[in-house]
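Let's take a walk through a protein chain together. Keep the picture open beside you, and we'll go from one stop to the next.

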Amino acid sequence: MCEKILQTKKNGMAMLLLILLGYVAAVAVFIACGVVLDGGAAGAAFALAVAGIVIACVYIIAGFFLLAGLKVLKPQEALVLTLFGNYIGTLKGEGFYWVNPFCTAVNPAAGTRLRQSGDVQSGDAAGLAAMLGKEAVNQAAANAAASGKKISLKRMTLNNARQKINDCLGNPVEIGIAVIWQVKDTAKAVFNVDNYKEYLSLQCDSALRNVVRIYPYDVAPGIDTTGDGKPDDGSLRGSSEVVAERIRAEIQEKVEDAGIEVIDARITYLAYAPEIAAVMLQRQQASAIIDARKMIVDGAVGMVEMALDRLNENHVVELDDERKAAMVSNLLVVLCGNHDAQPVVNSGSLY
């Protein structure tokens, strides 16, 4: 089902004035006919007076139904209307409208509360929560939202709950995402799915799991994350932008039929699960120590080579292989040690 925009004119104010004018006329007719009846009118005058009172009463009652057709829309709001079960169109654009009073607004997700920007509690609700408790306020907020069937067309942020997912190496990872989305087709959002907010949240969970299982937390050898059959350096921590884009694309593919556009997706939390966090921290520390030691050894070997070359070039001293080995050993101990070396001065002959 595709969206159909109603080209209804913003005639709400004119209809309101006409209805109120009708009420004034009905009250005037009711009073005038009452005066006629009190005057003891008979015959045709009596019949006309009774008919006038009946018409005035009927209009007063019917006026309440006419007032039900008045609709007010703020910017970035829409109203999906049905008439006796048939979809007749969607009102879009801010203004004061009058539609068929028998039309019914439909929004199955009106009472749904998710962790997103359009569903946070107001200041009054937060104050009420301190007195009545969270559950009572949530129920009251849900009932209040259920009475309003307008669909927000604003960009909204869904802060999806953190999930524990195993990466491609089997390590449990906790990850959370924030998804920026908006409703693009109100008819699809209302009629193609039962509740488009819950549907979006469920698809976010599914897409997140599907993508995270492809990547390791850190760069690992022999892992193909792109699907081209060649190992690459993709990881959750190092390729966050690429991972977020893949998550966004997969969510968009799933929610296309629900009339939702996913504008952006961002990773808001990423860490190892608590049960392996300490072990992985030790692993990272060990890896960092090994890398640092390797750099120190490489630098020390280069300095020893430079020292030997300079001694040979300047003919400062002639050393045999045994003395060179001893010198190299001493220099490496001094340069690679964790603590400052304590030199021993040899006052005798080298030989």
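Now look at residues 12-37, where the chain is 100% helix and 0% strand, with 37 Å between the end C-alpha atoms. What does UniProt call residues 12-37 and 43-67? An unreviewed UniProt entry lists both under "transmembrane region". Keep in mind as you look around that this is a predicted model.

Time to zoom out for a moment. The protein has 9 helices and 10 strands. Of its 351 residues, 32% count as buried.

Next, follow the chain into the strands, where a couple of loop residues are worth a stop. One loop sits between β1 (70-73) and β2 (77-83), and Gln76 is in it. Gln76 isn't a glycine, yet its phi is positive, near 60 degrees. Is Gln76 buried or partly exposed? Its relative accessible area is 46%, so Gln76 counts as partly exposed.

Go on to the loop between β2 and β3 (86-92), and you'll find Phe84 there. Phe84 is not a glycine either, but it has a positive phi of about 55 degrees. With a relative accessibility of 69%, Phe84 counts as exposed, because the cut-off for that label is over 50%.

Our last stop is a pair of helices: α6, made of residues 196-212, and α7, made of residues 240-255. How do they cross? Their axes come within 9 Å and cross at roughly 135 degrees. That angle is why α6 is called oblique to α7. The crossing of α6 past α7 is right-handed.

Which residues do the touching? On the α6 side, look for Tyr199, Leu200, Gln203, Cys204, Ala207, Leu208, Asn210 and Val211. Their partners across in α7 are Val243, Arg246, Ile247, Glu250, Ile251, Lys254 and Val255. Sort the residues of this contact between α6 and α7 by type and you get 10 nonpolar, 2 polar and 3 charged.

Definitions and conventions
Residues numbered from 1 in each chain as written. Predicted model: local features only at pLDDT ≥ 70, side-chain atom pairs only at ≥ 80, totals over all residues. Heavy atoms only, no water. Axes fitted to C-alpha atoms, helices over the stretch in contact; angles between N-to-C directions. Helix = DSSP H or I, 4+ residues; strand = E, 2+ residues; numbered from the N terminus. Parallel < 35°, antiparallel > 145°, perpendicular 65-115°, else oblique. Left-handed = near helix turned anticlockwise from the far one by under 90°. Contact = heavy atoms within 4.5 Å. Nonpolar A, V, L, I, M, F, W, Y, C, P; charged D, E, K, R; others polar. UniProt positions renumbered as here; feature names shortened; annotations may be inferred. Buried < 20%, exposed > 50% of the residue type's maximum accessible area, 1.4 Å probe, protein only.
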